[in-house]
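Work through the exercises below with the sequence and the model at hand. Each task is followed by a solution in steps.

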Amino acid sequence: MTILITGATGFVGGKLSLALLKNNHDLIVVGRSEEKTFREQFTLPCAYYSWDDLKKLKHNLNIDAVIHLAGASIAGGRWTKKQKQIIIDSRVKTTEALVDYFDRIGDYPKTFLSAAAIGYYPYCMDTAFDENSPKGTGFLSDVCEQWEKSSLPLEKHCRRVLLRFGLVFDPRDGFLKKMGPLFSTGLAGKIGHGKQWMSWVHIDDLVKATLFCLNESKIQGAINIVAPQAVTNRDFTQKLAKTLQQKPFLPVPSLALKLLLGEMSILALGSQKVISQKLLDHDFEFQYPDLDSAFKDLYAWHSQRYQQIFSASQWFDKPVDAIFPFFCEAKNLEKITPPLLEFKVLNQSTPNITKGTIINYKLKIHGVPTRWRTLIKAWEKNVSFTDVQQKGPYKQWEHTHAFEPHSKGTLMLDDVIYQIPFGRLGLLALGNWILKDIMKIFEYRKKTTQQLFD
């Protein structure tokens with residue numbers, strides 16, 4: 001199918017876009033940025049239009065389905081009057097722009113999937129809510145209602161599905177990425193009394209459920225996308241801390257959170273036990289129905305205290321055998337590393353990189369000269385290789401480069417598992433600073449390699 005997707009540069013949007021490509025769909029992305037800026041962030045193959053472009057567009061894009069995910073983060077800052085309007089407009093006005101486009105050209109997609117949220121339902125300690133439950137009260141409920149109503153004019157033209165997402169779990173992004181460092185240092189604990197319900201979903205199940213709704217013609221209307229087993233905040237806290245080999249330490253008093261976040265504190269203090277009744281009625285099977293199975297998968301990489309993970313991905317419109325050799329040549333690292341690091345390869349133990357190769361480098365970290373030695377721990381041609389630090393600034397550094405061949409090109413995936421020296425103290429003092437440095441290095445590499453291969 002040809003699928004128009006919005007919010008593609010976001011956490012969920014990026015995962016869904018890749019899944020759609022793997023299923024051989026063609027993508028049309030609509031977003032806020034100019035095309036040049038967008039292409040620097042989003043490397044998957046697609047056609048691109050800005051929202052301003054869409055307003056002027058008069059020709060038919062022949063869209064089979066829409067997955068509408070655009071919307072400003074509800075956790076982007078205190079809910080001032082101005083911020084509330086940004087949150088509402090980013091959802092309602094973009095939906096109205098899509099409706100206006102289809103009305104203008106007189107042609108409609110077969111399916112319109114629009115993101116929503118379980119914030120639609122009331123906050124309650126002792127009631128479970130399914131898709132037939134009533135709307136709650138308060139800002140989030142009102143936002144969800146307006147968001148969903150804005151696509152109502154399409155209902156007479158196509159199958160309309162409202163995807164009400166719960167908390168999305170993935171340590172590489174979103175909620176768990178924000179919570180991870182706090183739990184890794186042992187400083188996080190239950191929020192308030194800890195008895196409030198959290199309705200959540202593993203990122204892979206969210207993607208799977210969204211594709212299920214895309215393809216299952218009998219599904220329409222509101223669909224809750226949450227795991228079958230909700231958890232209390234206390235249980236979540238204990239299980240995440242145990243997974244990260246820590247003990248929950250500091251409970252967060254409700255009053256302190258209310259003073260700090262104001263009205264937005266409802267995101268942490270509110271209780272919502274939500275059921276995915278429609279998905280279950282249509283025999284959808286969750287791969288991770290409970291928190292234990294979800295954490296076992298999401299933290300399979302975690303084996304020691306204070307470990308952190310950084311992940312990146314990049315698409316190349318070339319076959320894997322044209323990409324893999326470039327990244328297996330150590331000297332090429334000099335071309336794709338920021339000049340400020342003054343990165344130089346000194347020598348390597350074998351003429352060509354293979355399993356067991358040792359490579360010595362020198363570089364400067366914030367002006368401080370450093371030597372680095374890595375061992376190629378694993379190597380499989382055109383598939384993946386892993387280098388681990390033997391000598392260098394980190395307590396641990398293990399970088400896996402994986403290459404996925406697809407019909408339209410190659411997806412390169414990077415996973416870096418690292419530990420900062422000095423344990424809890426090092427993570428508290430240097431964690432954010434080092435993560436920003438790693439992100440800058442990979443952003444530079446992404447931009448440079450894209451230019452080189454283009």
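**Exercise 1.** Find the residue of E2 that is the bridge partner of Ile3, and state how E1 and E2 run relative to each other.

*Solution.* In this predicted model, Ile3 has Leu27 as its bridge partner in E2. Strand E1 covers residues 2-6 and strand E2 covers residues 26-31. The two strands run parallel and are joined by 5 bridges.

**Exercise 2.** Give the strand order of the open sheet and name its edge strands.

*Solution.* Step one: the sheet has 7 strands, ordered E3-E2-E1-E4-E5-E7-E12, and the pairing is parallel. Step two: strands E3 (47-50) and E12 (221-225) each pair on one side only, which puts them at the edges. Step three: from one strand to the next, the twist averages 20 degrees.

**Exercise 3.** Which strands does helix H4 touch, and which strands does helix H5 lie across?

*Solution.* Helix H4 (residues 81-105) packs on the sheet and touches E1, E4 (65-68) and E5 (111-117). The direction of H4 makes about 165 degrees with that of E4. Helix H5 (residues 139-149) lies across E5 and E7 (159-165). Relative to E5, helix H5 runs at about 175 degrees.

**Exercise 4.** Describe the packing of H8 and H12 by the approach and crossing of their axes, then list the residues that meet.

*Solution.* Two quantities are needed, because a pair of packed helices is described by the angle and the distance between the axes. For helix H8 (residues 233-243) and helix H12 (residues 291-298), the axes come within 11 Å and cross at roughly 30 degrees. An angle under 35 degrees counts as roughly parallel, so H8 is roughly parallel to H12. The crossing is right-handed.

From H8, the contact involves Phe236, Lys239, Leu240 and Thr243; from H12, it involves Leu291, Asp292 and Phe295. By class, the residues of this contact are 4 nonpolar, 1 polar and 2 charged.

**Exercise 5.** Is Leu176 buried or exposed, and which residues does Leu176 touch beyond four places away in sequence?

*Solution.* Leu176 is in helix H6 (residues 174-184). The relative accessible area of Leu176 is 1%; the cut-off for buried is under 20%, so Leu176 is buried. Beyond four places away in sequence, Leu176 touches Phe169, Asp170, Pro171, Phe236, Leu240, Phe295, Leu298 and Tyr299. One of these contacts, Leu298, is 122 residues apart from Leu176 in sequence, with a C-alpha to C-alpha distance of 9.9 Å. Phe236 and Leu240, touched by Leu176, also take part in the H8 side of the contact with H12.

Definitions and conventions: Residues numbered from 1 in each chain as written. Predicted model: local features only at pLDDT ≥ 70, side-chain atom pairs only at ≥ 80, totals over all residues. Heavy atoms only, no water. Pairing = 2+ DSSP bridges. Helix = DSSP H or I, 4+ residues; strand = E, 2+ residues; numbered from the N terminus. Axes fitted to C-alpha atoms, helices over the stretch in contact; angles between N-to-C directions. Contact = heavy atoms within 4.5 Å. Parallel < 35°, antiparallel > 145°, perpendicular 65-115°, else oblique. Left-handed = near helix turned anticlockwise from the far one by under 90°. Nonpolar A, V, L, I, M, F, W, Y, C, P; charged D, E, K, R; others polar. Buried < 20%, exposed > 50% of the residue type's maximum accessible area, 1.4 Å probe, protein only.
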